[in-house]
Amino acid sequence: MNNELLLNVKCFLLDMDGTFNLGDQLIDGSLYFIETLNELGKDYLFLTNNSSKHRRLYAEKITRLGLPIPEEKVFTSGEATALYAQREYASAKVYVVGTPPLEEEFRQHGFQLEEHDPQLVVLGFDTTLTYQKLWKLCDFVRAGCTYISIFLNFNCPTETGYMPDIGAMIAFVRASTGREPDVVIGKPNRMILDAVSQKFGFAIPEMAMVGDRLYTDIALGQTSGITTCLVLSGETHPEDLADSEFQPTYTFDHLGSIADWLKAHRSQ
């Protein structure tokens with residue numbers, strides 16, 4: 001293991017559900033990890049694939065859990081997608097399948113939302129999903145509209161188990177239309193890291209992704225070359241690593257274990 005990779009990280013990108021917290025419960029060691037980063041002069045940013053809420057709401061939740069942060073410490077796949085669409089499809093009318101905060105994210109980036117004749121359709125993690133929304137989405141995808149998915153997660157961990165995530169919605173659209181998304185922005189796609197780099201100024205070698213999912217958080221290592229840290233506090237279990245094509249640079253039990261490692265190796 002190359003210790004320098006982790007020691008040279010300037011900004012840790014933190015997944016939330018399964019990494020920092022499970023629902024409304026902090027995972028052991030999470031606050032200790034942040035305290036250690038502050039002590040060592042390293043930065044952090046919460047990077048979530050969950051596009052159902054505005055970053056302000058995530059910041060408020062993290063603050064309630066015991067870590068007061070401004071909303072600028074949170075970067076969502078919804079914001080990354082709106083930035084991508086703004087750059088590539090600035091004049092497009094957009095049909096958004098998502099929560100009101102995701103719709104507002106697109107309005108704030110200058111888009112007109114369109115219910116009848118869009119050029120671009122965006123599928124987010126929609127906890128307000130209805131059959132009518134899916135029906136419209138399938139019609140537009142079948143008609144040839146550019147189809148963007150915000151990410152690929154199949155399930156979202158909660159305190160009591162798992163809730164179906166956007167991957168299940170993508171499967172519905174695939175079964176009806178035969179089409180996959182043309183573009184996927186969130187983890188494990190490198191585009192979300194490019195958006196972070198653009199907004200916050202960190203080069204990819206200066207960042208490390210910390211998360212609990214092999215096929216999103218850790219897969220970023222293959223798509224972008226970023227250093228990855230798997231934590232075994234959420235979706236992934238140790239036995240899952242044996243057959244996975246996505247191998248982390250480092251594996252830890254939880255965020256507190258990373259803090260211990262950083263303190264033990266700081267003299268290097």
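Reply: Let's start with Phe20, Tyr44 and Phe46, which ring pairs link into a cluster. Rings of Phe, Tyr and Trp (its six-membered ring) pair if their centres lie within 6.5 Å, with planes under 30 degrees apart called stacked, over 60 edge-to-face and the rest tilted. Please keep in mind that this is a predicted model, in which local features need pLDDT of at least 70 and side-chain atom pairs pLDDT 80 or more, while totals for chains, interfaces and linings use all residues. Residues are numbered from 1 along each chain as its sequence is written, and side-chain values use heavy atoms, without hydrogens and water.

The whole structure holds 11 aromatic pairs. In one of them, phenylalanine 20 and phenylalanine 46 have ring centres 4.9 Å apart and planes at 80 degrees, so they meet edge-to-face. Because phenylalanine 20 sits in the loop between strand 1 (11-14) and strand 2 (21-22) and phenylalanine 46 in strand 4, this pair ties together parts that are 26 residues apart in sequence. Helices (H or I, at least four residues) and strands (E, at least two) are DSSP runs numbered from the N terminus. Phenylalanine 20 is buried, at 0% relative accessible area, and phenylalanine 46 is buried with 0% too; buried means under 20%, exposed over 50% and partly exposed in between, using a 1.4 Å probe and protein chains only.

Another pair joins tyrosine 84 and tyrosine 89: their centres are 6.3 Å apart and their planes at 65 degrees, so this pair is edge-to-face. Tyrosine 84 counts as buried at 11%, whereas tyrosine 89 is partly exposed at 26%.

Now let's step from the rings to the cores. A nonpolar core is a set of buried Ala, Val, Leu, Ile, Met, Phe, Trp, Tyr and Cys residues joined through side-chain atoms within 4.5 Å. The largest one has 48 residues, and Leu13, Phe75 and Phe106 touch the most other members. Helix 4 (residues 77-88) gives the largest share of this core, 5 residues. Apart from it lies another core of 29 residues, including Met16, Leu37, Phe46 and Ala59. Phenylalanine 75 is in contact (heavy atoms within 4.5 Å) with residues that include Leu45, Phe46, Leu47, Ile192 and Phe200, leaving out those up to four places away in sequence.

Asparagine 49 belongs to the loop between strand 4 (43-48) and helix 3. Asparagine 49 is buried, with a relative accessible area of 4%, and among its contacts, not counting residues up to four places away in sequence, are Ser77, Phe151, Asn153 and Ile192.
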